[in-house]
Amino acid sequence: MIRTLSTPPAMAPGCLAAAPQPVLPTTDGQGLLLRPWERADAAAFLSAYRDEETCRWHTHRPSTEAQVREWFEAYRQDWEREKGCHWAVAREKGGEVLGRMALRGLDFDDGVANAAYWVLPAARGAGVASSALAAVSAWALDDIGFHRLELDHSTRNHASCRVATKAGYRMEGTKRNAAVHDDGRHDMHLHARVRGD
């Protein structure tokens, strides 16, 4: 069904796909880059989903490197179709992959997107996720023109709550019984950052 808006879209189609997916540096001294995923990253990506803590919060999981490479191809297509943006979070020096950052559910009519992330076990507790989230948020809100970025996490995931808060995402409430995890349904905290925060 085609719907007609009574207002102009918040963002023009083509504002992403007209250019290659950018490499985004963090600006807080962490020495990190957000860059598109590469085929050579498949082993590091898969290792995240062999970690118990990552699996606790993520039910959509790859099982082989070949499947990861299929995901990477889907990520590339997401950019071209303006459906999502997916980055590896890597050290600027040496290129070691430390985590994942994504914007999904892109809504150009309202200028809204949803952020998602994980960090490999060896990089946890060092500010990697909050640094990467702050960098992608500044790009999305200030450079691209989104008006609002949202993220949600299980109310039991205290580490993700700290990441969101540190990156300037205000807690807006609790979505009751909103997501299924391996151990059953979870309430989810909703955080958001809007342009001008």
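How many nonpolar, polar and charged residues does the lining of the second largest pocket have, by class? The lining has five nonpolar, two polar and six charged residues, where Ala, Val, Leu, Ile, Met, Phe, Trp, Tyr, Cys and Pro count as nonpolar, Asp, Glu, Lys and Arg as charged, and the others, Gly among them, as polar. The views below come from a predicted model, in which local features need pLDDT of at least 70 and side-chain atom pairs count only at pLDDT 80 or more, while totals for chains, interfaces and linings use all residues. Residues are numbered from 1 along each chain as its sequence is written, and side-chain values use heavy atoms, with hydrogens and water left out.

**View A. The second largest pocket.** About 170 Å³ of space lies in this pocket, and of the 13 residues that line it, Trp37, Phe72, Glu73, Tyr75 and Arg76 are the closest to its centre. Helix H3 (residues 65–81) gives the most to the lining, with seven residues; helices (H or I, at least four residues) and strands (E, at least two) are DSSP runs, numbered from the N terminus. A pocket is an open set of points on a 1 Å grid over the protein atoms alone, where a 1.4 Å probe fits, with protein on both sides within 12 Å along at least five of seven lines, and lining residues have an atom within 4 Å of a point. Grid points are joined across faces, edges and corners, and a volume is the space filled by probe spheres set on the points.

**View B. The largest pocket.** This pocket has a volume of about 1200 Å³ and is lined by 48 residues, with His58, Tyr117, Trp118, Asn157 and Ser160 nearest its centre. Its lining comprises 21 nonpolar, 15 polar and twelve charged residues.

**View C. Aromatic residues Phe72 and Tyr75.** Rings of Phe, Tyr and Trp (its six-membered ring) pair if their centres lie within 6.5 Å, with planes under 30 degrees apart counted as stacked, over 60 as edge-to-face and the rest as tilted; the count comes to 14 aromatic pairs. Phe72 and Tyr75 form a tilted pair, 6.3 Å centre to centre with 40 degrees between the planes. Phe72 and Tyr75 are separated by about one helical turn, because they are three residues apart in helix H3. Trp37, Phe45, Tyr49, Trp71, Phe72, Tyr75 and Trp118 form one aromatic cluster.

**View D. Ala113 in strand S5.** Ala113 lies in strand S5 (residues 112–119) and, leaving aside neighbours within four places in sequence, is in contact (heavy atoms within 4.5 Å) with residues including Leu103, Phe146 and Leu149.
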